[in-house]
Amino acid sequence: MTDAFSAASIAAPMIPRVARVVKRKREIEDVVTLEIEGGAFDFAPGQFNMLTAFGVGEAAISVSGDPADSARLIHTIRAVGAVSRALTELHVGEPIGLRGPFGRGWPMAEAEGRDVIVVAGGLGLAPLRPALYRLFAEREKYGRILLLFGARSPADILFRDELEAWRGRLDIEVEATVDHARGDWRGNVGVVTTLLSRAQFDAANALAMLCGPEIMMRFVANALLERGVAQERVYLSMERNMKCAIGFCGHCQFGPVFICRDGPVFPYSQLRGLIAKKEI
Ligand SMILES: Cc1cc2nc3c(=O)[nH]c(=O)nc-3n(C[C@H](O)[C@H](O)[C@H](O)COP(=O)(O)OP(=O)(O)OC[C@H]3O[C@@H](n4cnc5c(N)ncnc54)[C@H](O)[C@@H]3O)c2cc1C
Ligand code: FES
C-alpha cells in the first residue's frame with residue numbers, strides 16, 4: 001500500500017458528497033425534517049450521517065426515516081446553533097453535504113423474542129423512528145411493544161400524526177406525556193418516568209431503547225433497573241459534538257469510548273459509571 005493510497009483511504013469517508021434537498025417539512029417550531037436525494041442509501045436504525053451546510057459547517061444528524069425505504073433519506077433537525085440552524089433553513093433544490101452512515105445503531109436482532117420498551121424524550125423520537133418502523137414492519141418477531149413519549153408541552157410533540165396513527169393500532173401500546181400544559185390538553189402531564197411506572201411488560205425478558213436528554217435517559221434507565229430489566233438490555237443513544245465521525249480525532253471521546261465509532265447506541269451497563277459525571 002502506497003502512502004498516497006492510504007492517505008486517500010483515510011480521507012474518503014471524510015469527504016462529503018453533494019446531495020440535494022428534495023423535501024422540507026417544518027415539524028414543530030424549531031424542528032425541520034429534510035428529505036435528501038442521493039441515490040439508494042442503506043442504513044441501520046440508530047445510525048447517523050454528517051450533514052454539511054456549505055459555508056457554515058457540519059453536524060451529526062441521525063437518520064429518521066424508514067430503513068426499508070432506501071430511496072428516501074430523511075433527517076429531522078432541531079436548530080440549536082449555527083450549523084443546525086443553517087441546515088433547517090435549507091430549501092428544496094439546495095445542495096447539502098452528506099457523509100455516512102456512521103456508528104452502531106439499535107440492537108434490533110437482540111430485541112427479537114423480547115418485550116421492547118421504547119422511551120423517547122422530545123427530539124429523541126427522531127433517532128428512534130427507524131427502529132419503530134422496523135419493529136412495526138416485523139411485528140411478529142417481538143413480544144409486547146411499548147412506546148412511551150415525553151415532550152415539554154403539547155406544541156413540542158414531534159411526529160404527532162404518526163404518534164396518533166400508531167396509538168390506533170391494537171398490537172402496540174403508545175403513551176404520551178407533557179411536562180406542562182394549558183387547559184385544552186386532555187392527555188398525561190408529568191415526566192416520562194410516570195408512564196413507565198404504569199407500563200406492563202415482562203422485565204426479565206425485556207429490552208429497552210432510550211433516546212432524549214441525558215438526564216431523562218438516566219432517570220428512565222434507573223427506573224427500568226428498579227423494575228428488574230437487566231442493565232445490559234437497556235440501550236441509550238448518546239450525543240457529543242463530533243468532527244471526523246470515524247474514530248480518528250477523539251472529539252467525541254466519552255471516558256474510554258468514542259461515541260462515533262463505538263456508539264452512538266450503548267448498553268447502560270457500559271455507560272452507567274460515566275453518565276452521571278457532568279464533566280465527561
Ligand atoms: C450521533 C448523534 C446524532 C445526532 N442526531 C441528531 C438529530 O437527529 N437531530 C438533531 O437536531 N441533532 C442531532 N444531533 C445533535 C447535533 O449534532 C447538534 O445539535 C449539532 O451538532 C449542533 O451544532 P450547531 O453548530 O448547530 O450548534 P453549536 O453551536 O455547536 O451548539 C449549540 C448548542 O448545542 C450544544 N450542542 C452542540 N452539539 C451537541 C451535541 N452533539 N450534543 C449535545 N449538545 C450539543 C452546545 O453545547 C450548545 O449549547 C446528534 C448528535 C450526535 C452526536
Ligand atoms: S468524532 Fe472524531 S473520534 Fe469521534
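# Close-up views of a predicted model

View 1. D262 counts as buried, at 18% relative accessibility; here buried means under 20% relative accessible area, exposed means over 50%, and partly exposed is in between (1.4 Å probe, protein chains only). The structure is a predicted model, in which local features need pLDDT of at least 70, side-chain atom pairs count only at pLDDT 80 or more, and totals for chains, interfaces and linings use all residues. Residues are numbered from 1 along each chain as its sequence is written, chains are lettered from A and ligands numbered from 1 in the order in which they are written, and side-chain values use heavy atoms, with hydrogens and water left out.

Back to our pair: the side chain of D262 meets that of R261 in a salt bridge, with N to O at 3.1 Å. A salt bridge is a side-chain nitrogen of Lys or Arg within 4 Å of a carboxyl oxygen of Asp or Glu. R261 is partly exposed, with a relative accessible area of 44%. Elsewhere, E35, D69 and R72 belong to one network, joined by salt bridges that share partners.

**View 2. Two further salt bridges, E112 with K141 and E164 with R160, can be compared here.** Side chains of opposite charge can pair when their charged atoms come close. By the rule used here, the count comes to 16 salt bridges. In one of them, the closest N and O atoms of E112 and K141 are 3.8 Å apart. E112 lies in the loop between helix 3 (108-111) and strand 7 (116-121), and K141 in the loop between helix 4 (125-137) and strand 8, so this pair ties together parts that are 29 residues apart in sequence. Helices (H or I, at least four residues) and strands (E, at least two) are DSSP runs, numbered from the N terminus. Both partners count as partly exposed: E112 at 37% relative accessibility and K141 at 33%.

The salt bridge between E164 and R160 has N to O at 3.7 Å. How far apart are E164 and R160 in helix 5? They are 4 residues apart, which is about one helical turn. E164 is partly exposed at 49% relative accessibility, and R160 is partly exposed at 36%.

**View 3. Strands 8, 9 and 10 pair side by side.** Strand 8 (residues 145-151) and strand 9 (residues 173-178) run parallel and are joined by 6 bridges. Two strands pair if DSSP finds at least two bridges between them. Follow L146 across to strand 9, and you reach its bridge partner, E173. Strand 9 also runs parallel to strand 10 (residues 188-189), with 2 bridges between them. Here T177 stands opposite N188 in strand 10.

Together, strand 8, helix 5 (residues 160-167) and strand 9 make a right-handed β-α-β unit. Right-handed means that, with the strands pointing away from the viewer, the path from the first strand over the helix to the second runs clockwise.

**View 4. Ligand 1 has 19 residues around it.** Which residues come nearest to ligand 1? They are A60, T76, R78, S84 and N241; a residue is near a molecule or strand if one of its heavy atoms lies within 4 Å of it. A nitrogen atom of ligand 1 is 2.9 Å from a polar backbone atom of T76. S62 places a polar side-chain atom 3.1 Å from a nitrogen atom of the ligand. G81 has a backbone N or O atom 3.2 Å from an oxygen atom of ligand 1.

**View 5. Some backbone angles deserve a second look.** Most residues other than glycine have a negative phi, and most peptide bonds are trans. G100 and P101 are joined by a cis peptide bond, with omega about 5°, and P101 is found in strand 6 (residues 95-102). The peptide bond from G263 to P264 is also cis, with omega near 15°; P264 sits in the loop between helix 8 (259-262) and strand 15 (265-267).

Now for phi: F159 has a positive value near 50°. F159 lies in the loop between strand 8 and helix 5 and is buried at 5% relative accessibility. A245 has a positive phi near 70°, and its place is in the loop between strand 12 (234-237) and strand 13 (253-254). A245 is buried too, with a relative accessible area of 4%.

Technical notes
A polar contact is a pair of N or O atoms within 3.5 Å; within protein, one must be able to donate a hydrogen and the other to accept it, and residues adjacent in sequence count only if both atoms are side-chain atoms.
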